[in-house]
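Please look over the sequence and the 3D structure shown here. A short report comes after them.

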Amino acid sequence: MFLKGQHMSLRTVAADFDINYQTLQRFCKKKRVQNNEGMEQAITVGYKRNRQVLPDEMEIELAGYLIEQSKLYFGLSTKEVRRLAYEFAVKNNVPVRPNWVENEMASADWLTGFLKRHQTLSLRTPEATSLSRSTSFNKKNVDTFFSLLQDVLDRYRFEAQDIYNVDDMGITTVQKPDRVIARKGIKQIGFVTSAERGALVTFCLAVSASGNSIPPMFLFPRKNYRDYFVGNGPQGCIGAANPSGWMTENEFYVFLQHFAKHSRASKEKPVLLLLDNHESHLSLKGITFCKDNGVIVMSLPPHCSHKLQPLDRSVYGPLKKYINTACDSWMRNNPGKTIGLQRYEIVHS
């Protein structure tokens, strides 16, 4: 070797050229083996980290399987993915590293490289989903609902302005901050809010298929209701109160009366009202009122409102986004101050 021909030691060369001694030693050892065996392939320096073990087609198949499992609400954890990769390799007679065999799973380095090679995958925190919700939204239930809906539309010949969807949501004075751009790798990013917990007001609205809406109803978490709570609210809106602030069958019955008045429903010209099957929406008193006043009620399938509820998808989502963005902007422009809204001030804010 050239070092020996110049009578220079490895340590001297490493010091002169600012090379790590261990790295240089490994290189010389590989070079010596190459010369003895007459090999002509290039010598690599350093460790081979995140080396791909499974062939490309097997990795693509594994990535597709992981995506399908997450869609079915049974996503795999990191250890389960590593164990599956090892079993996949053994089943297909793919040579694996000794530490894979020892631990009966792929290494953490392999998983890091696998995620880098497949950018459609990432480590996510799943949202808890009940078994009822995960199994109820299926083709049979959805097809049954739309079949019944078609029968109702054919029977009554509803026009777009006669088809309404109703739902309620909670509005709070403490916003959920929008996503922000920050340094990558930091586990927790903070954003200033008015308080830890805010005042909650339930908002109930009905919107027709033509885009017209019934004046909303506001439900306040108060024992006694006062008319000035909605004094500066949208024209024609109404209000109610109960200690919890959430919709109950009594308050929804009040909304049904309000709805029948503004939709001008009658037995001669009925209207269709689509709603979810929450217990407050399907009380006997409310259904009887609808039957007597020309309001045809049709319930969405159980545990399917997150996919089939039009208001959730098209109105309430953007509304919550707008409210949170407005609160973020106010907090940013008024440092050191809090959003001092009373519960009834949410109505006209």
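## About the model

This is a predicted model, in which local features need pLDDT of at least 70, side-chain atom pairs count only at pLDDT 80 or more, and totals for chains, interfaces and linings use all residues. Residues are numbered from 1 along each chain as its sequence is written, and side-chain values use heavy atoms, with hydrogens and water left out.

## The nonpolar cores

A nonpolar core is a set of buried Ala, Val, Leu, Ile, Met, Phe, Trp, Tyr and Cys residues joined through side-chain atoms within 4.5 Å. Buried means under 20% relative accessible area, exposed means over 50%, and partly exposed lies in between (1.4 Å probe, protein chains only). In soluble globular proteins, nonpolar side chains tend to be buried together.

The largest nonpolar core here has 21 residues. V166, F255, F259 and L273 have the most contacts inside it. Six elements are listed as giving two or more residues to this core: β1 (163–172), β2 (200–208), β3 (217–220), α10 (249–263), β5 (271–275) and α11 (284–292). The top contributor is α10, with five residues. Helices (H or I, at least four residues) and strands (E, at least two) are DSSP runs, numbered from the N terminus. F255 touches V166, C204, L205, A206 and M217, leaving aside residues up to four places away in sequence. Contact means heavy atoms within 4.5 Å.

Two strands pair if DSSP finds at least two bridges between them. β2 and β3 run antiparallel and are joined by three bridges. Here C204 has M217 as its bridge partner in β3. β3 and β4 (residues 238–241) run parallel, with four bridges between them. M217 stands opposite I238 in β4.

## Two loop residues with positive phi

Which residue lies in the loop between α5 (78–91) and α6 (98–103)? N93 does. Its phi is positive, about 60°, although N93 is not a glycine. N93 is exposed, with a relative accessible area of 69%.

R157 is found in the loop between α9 (139–156) and β1. R157 has a positive phi of about 55°, and it is not a glycine. R157 is exposed, at a relative accessible area of 67%.
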